[in-house]
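The entries follow in the order in which I made them.

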Amino acid sequence: MVNGDCIHPSSENHRVAVPPPQPFLRFLAASLKETFFPDDPLRLFKNQPRWRKLVLGLQYFFPVFQWGPQYSLEYLKADVVAGITIASLAIPQGISYAKLANLPPILGLYSSFVPPLVYAMLGSSRDLAVGTVAVGSLLMASMLGNEVNANENPTLYLHLAFTATFFAGFLQATLGILRLGFIVDFLSHATIVGFMAGAATVVCLQQLKGILGLHHFTHETDLISVMRSVFTQTHQWRWESAVLGCGFLFFLLLTRFYSKRRPKLFWMSAMAPLTSVILGSLLVYLTHAEKHGVQVIGQLKKGLNPLSIMDLAFGSPYLSAAIKTGIIIGIIGLAEGIAVGRTFAMFKNYHIDGNKEMIAFGMMNIAGSFTSCYLTAGPFSRSAVNYNAGCKTAASNVFMAVAVMVTLLFLTPLFHYTPLVVLSSIIIAAMLGLLDYQQAVHLWRVDKFDFTVCISAYLGVVFGSVEIGLTNAVVLSLLRVLLFMARPKISVLGNIPDSMIYTSVDQYPNANFTPGILILKIEAPIYFANSNYLRERISRWVDEKEDKLKSSGETSLQYVILDMGAVANVDTSGVSVLDEVKKSIERRGLKLVLANPGGEVMKKLNKSRLIESIGQEWIFLTIGEAVRACTFMLHTTKPKPVPSDDNV
């Protein structure tokens, strides 16, 4: 038995201090501040006069007041060019995505007018170009289409779309105001990659209706249903539509290829969709192709957005479906938009506030639901064009909105002969960019579990539905978080030769074990979810170490050192387990030693009187001090003999 009363060289060691007591309310306030205000947004207001605080407050909530006073003629020229450039992409994409959402095409233009104006005032990104997105459009068509048929009851479907957009905006703004943006982080990078790729695949499959000129098509989104619908109607395939669609798709992909090869030619891919619309419309008009099976958009209503606030279906029996749709499309829109904004902010070395972005997204969708718009976010393709066009501020969204306004007032009749097959080609070309197989390969190389999450999301969307794919990925991601919490890693540490460094023997095989001492590192907080596992795992490590020493005839195990450096906190269950581990180790004739416990851990150990039970002299600041003290004890006390098989 180890003699705990023997004196070790404590004069050379540093006593581990217990942090001074802190009032509960102050501790609670500090914890809440760390949780919801990690960026400390109020630091700018410290030691400022009242008028300056007012100005800073306006700039914080309305970033337009931050860059507006510094706006110059150079910025104006750059933003006008960028705005007109992205408008040339936004107009055909808006019409296409509205058709994808089973909504009137004009809503795509409405949604590219009001929301960008709102975002320009509230958004903190200089490069994000606001507009409708393909994935959100697909989700809306899929989820609302399960409840209401857009062809049989278009008015109700339209009102539910406005209602879903309102709830999406309400959720986004609420998350931003309450600073709950970390909820969106549960959609991991692997989840988004797989989900986006699956949604892109489904969107491309849906466009076979337009490419082949089919009038009747399945409302299901899974691969099997779409293929069945396509190949059971081979007699209705229109070669005219197929040739036209493949031709324009080739043109769009060719311009994208050259734009990637030569970044200065970015305008080619940006202008290609509008060019396709113009050429397609001229071709149909001159050849009267609409009389030969080529479907066209038809008449688009002239004028600006009509108010739709009275069309919100709060009293509809399908309100729950609208709320569910709004929540899902709102979270997906946030995840995509914030990720895109941060990507381009990194390129230009500035910071965007995620919570302010959520408020901006939420307010523009709420305003959009009042003005005949549906879900808008920050699509990557449009933002990339905005960035490459040299935008300087969010004012590029204003000039895009002005270009769309001119289109709504004067140019909508020109889209009458636009063939639907061209819109399908535009959507397919945009979606192919989301099939990022290189990211999937990267996930496979780096983390197989993340790759599994990615593939589960992709297969769930393609072979099931968008809801199934998203659910699969989120569940697997949460399962991984729970596994990290419930099954934390415990490493055996050894000493790097000729140093005082102790590290994992798995990572550094040349690390040496210290005779008579077992050093274990707990690499997670100790909570109720993992406390029992830690107790059993520590006991197993001790058993394995003793068996190994018994078989080799070396000095018997006498000390177990727990490195607590990675244990950020411990709850009451964790304290109880540490007490049980201590008692279990002492019943074996061993001594428990703690090294490098943090402040929060020491608080809990002190309040539970576990420090007294373990002994303050057996709690050390570093592993090196703990090992030195234990080695001193081993040399000054008679070692415990290793029991032989004959004595057992």
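Entry 1. I looked up the aromatic cluster and found that Phe166, Phe167, Phe170, Phe314 and Phe370 form one. I note that the model is predicted.

Entry 2. I then counted the aromatic pairs, and the structure holds 19 of them. For Phe166 and Phe167 I read a centre distance of 5.4 Å and an angle of 80° between the planes, so I recorded the pair as edge-to-face.

Entry 3. I looked up the pair of Trp67 and Tyr71, which is tilted, with 5.8 Å from centre to centre and 55° between the planes. Tyr71 has a relative accessible area of 26%, so I listed this residue as partly exposed.

Entry 4. I turned to charges over rings. The charged end of Arg126 sits over the ring of Tyr350, at 4.1 Å from the ring centre. I also found Lys545 over the face of Phe513, where the distance to the ring centre is 4.0 Å.

Entry 5. Which residues make the nonpolar surface patch of about 590 Å²? I listed Leu304, Val402, Val406, Leu409, Phe410, Leu411 and Leu414. I placed Leu411 in helix 17, which covers residues 395-411. Leu411 has 34% relative accessibility and therefore counts as partly exposed.

Technical notes: Residues are numbered from 1 along each chain as its sequence is written. This is a predicted model: local features need pLDDT of at least 70, side-chain atom pairs count only at pLDDT 80 or more; totals for chains, interfaces and linings use all residues. Side-chain values use heavy atoms; hydrogens and water are left out. Patches are made of residues with over 30% relative accessible area and no salt bridge: like charges are joined within 9 Å, nonpolar side chains (Val, Leu, Ile, Met, Phe, Trp, Tyr) within 5 Å. Accessible areas come from the Shrake-Rupley method with a 1.4 Å probe; for residues, only the protein chains shown count as cover. A salt bridge is a side-chain nitrogen of Lys or Arg within 4 Å of a carboxyl oxygen of Asp or Glu. Helices (H or I, at least four residues) and strands (E, at least two) are DSSP runs, numbered from the N terminus. Buried means under 20% relative accessible area, exposed over 50%, partly exposed in between (1.4 Å probe, protein chains only). Rings of Phe, Tyr and Trp (its six-membered ring) pair if their centres lie within 6.5 Å; planes under 30 degrees apart count as stacked, over 60 as edge-to-face and the rest as tilted. A charge sits over a ring if NZ of Lys or CZ of Arg is within 6 Å of the ring centre and within 35 degrees of the ring normal.
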